[in-house]
Amino acid sequence: MTDYVRRVTRPGKRFGSRLPRLDVELTERCNNDCIHCCINLAAHDRRAREREMTTPEVRGILAEAARLGCLQVRFTGGEPLLRPDFEELYLFARRLGLKVLIFTNARLITAHIADLLARVPPLVAVEVTVYGMHADSYDAVTRVPGSFAQFRRGLDRLLERRVPFVVKGALLPPNRGEVDEFDAWALSTPWMHDRPGHSMFYDLRHRHDDAEKNALIKSLRLTPQEGLKVLARDEAKYRREMGEFAAKFMGPPGDLLFRCGAGQAVCIDAYGRAQPCMGMRKPDLTVDLRTSSLSDAVDRLADVHDLRATNPEYLRRCARCFLKSLCEQCPAKSWAEHGTLDTPVEYHCDVAHAQARYMGWLEETERAWEVADWRARLQ
Amino acid sequence: MAEQASLQGVYVPSEDIVAREIEGEIIIVPLVSGIGDVEDELYTLNESGRAIWEKLDGSRNLDAVVKELTDEYDATEGKIEADVRGLVDELLRRKMLVPFASD
């Protein structure tokens, strides 16, 4: 490489764009009906389909994102390939000079779509969630007979055409015995250089639309001890990474609620509402892009970083807890669980404490927000 | 073997890339496979590269580009010609630039 033309490393930090990344939920509908899903609607849900952003609306958002300096868009869902205009939107985004990150179950990766992705590469690996290593386990999660076979065919089409993809797991009762098998298989694929991640501490329904499903999701969550066993399955690596994480990020956060990336990568839901993150569906924290511009939304959503907790229980616990950055507690999770932004989610608290005890940072009965000498504990 | 820059040649950005300007920099984004060295990468131009790139719009040959830049910048014509040839050769090799085919 000469000096005239240079490869860009870390483009998000390099250019200081107002909107380096954009998430677009093309649809909430999905061709799976996974037992744990926090968002999915039926693939043929006509009401949902009618409410979704139109093709011109999505194109308008993408064009404005490019003008704001966006470098990458994520297409997610539901299942984004369910949209009949997926190819059009994909090519439009690429011709704007955007990288396109696709989150998919791969069941709808047809030969045509695979050819498209080979000819016009997304410039970032496709991310595929894998629900099981065999038809019985996979189909038991998705509740769609034959879905495993379709997923494997989709992945094979990407492989044949050398379209890069990475895989991640979703640990659930039908596939819990397959962790080692999944890890080994994932590492055998060309673009996985590390063990895959596994989701396991599932969110409740983001739109509070199904109490029965919420009860099912709660029953599917791994216990803190079960989750720890998976997280620390490579113990040396886990301890090393936790130590590095602790050195950089641990400490009581105070009462500011959004100490995360929320508001930096704007997320657009299937109906054209901009949110600070994919999980945050609280209506007064969203901006309707059918009446406001994306530029306006970027400015307004940045204001979430000024919001402070007022719940006394949060102030007593989370605001003073040195594990806060390790804990999955956040305003979006609080919203999904409790309908507020600042109510502690006991499940996530328990998971974080289990990890801290495993690392030797806490005694069995200690609560992290009561520990004054946390810096010494992390040495 | 990629074509080498000719001072009589007229060149334009390939249709297989997208050139964007972000925060004052030119970012070259590949559209198809086989552009640049490495898949999945974005590219940018240095300051000399940017000044030359902006003149590669199909309306002038490289000789004219050299003469215009010599008028605009405080450098010898020889240095500017070397930069123009260097950039165009590199962009041709990476398939980011193509000869302009007039109708």
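User: Which strand of chain A is joined to β4(B), and how many bridges join them?
Analyst: Strand β1 of chain A, residues 5–7, is joined to β4(B) by three bridges, and the two run antiparallel. Strands here are DSSP runs of E with at least two residues, helices are runs of H or I with at least four, and both are numbered from the N terminus. Two strands pair if DSSP finds at least two bridges between them.

User: What is the bridge partner of A:V5 in β4(B)?
Analyst: B:L45.

User: What kind of model is this, and how are things numbered?
Analyst: This is a predicted model: local features need pLDDT of at least 70, side-chain atom pairs count only at pLDDT 80 or more, and totals for chains, interfaces and linings use all residues. Residues are numbered from 1 along each chain as its sequence is written, while chains are lettered from A and ligands numbered from 1 in the order in which they are written.

User: How many residues does each chain bring to the contact?
Analyst: Chain B gives 27 residues and chain A gives 23. Residues are in contact if their C-beta atoms, placed from the backbone, lie within 7 Å.

User: Which element of chain B has the largest share of that side?
Analyst: α3(B), with four residues.

User: What classes of residue are on the side of chain B that touches chain A?
Analyst: Twelve are nonpolar, six polar and nine charged. Nonpolar covers Ala, Val, Leu, Ile, Met, Phe, Trp, Tyr, Cys and Pro; charged covers Asp, Glu, Lys and Arg; the others, Gly among them, are polar.

User: New topic. What pattern does chain B follow along the sequence?
Analyst: The pattern is β-β-β-β-α-α-α-β. That is three helices and five strands.

User: Why is chain B called as compact as a globular protein of that length?
Analyst: Its radius of gyration is 13 Å, close to the 13 Å that the globule rule gives for 103 residues, so chain B is as compact as a globular protein of that length. The radius is taken over C-alpha atoms, and the rule is 2.2 Å times the number of residues to the power 0.38.

User: What about chain A's sheet?
Analyst: Nine strands form an open sheet with mixed pairing, in the order β9-β8-β7-β6-β5-β2-β10-β11-β12.

User: Which strands are at the edges?
Analyst: β9 (198–199) and β12 (287–288) of chain A; each pairs on one side only. Two bridges join β11(A), residues 273–275, to β12(A), and these strands run antiparallel. There, A:R273 has A:D288 as its bridge partner.

Key
Two residues are in contact if their C-beta atoms, placed from the backbone, lie within 7 Å.
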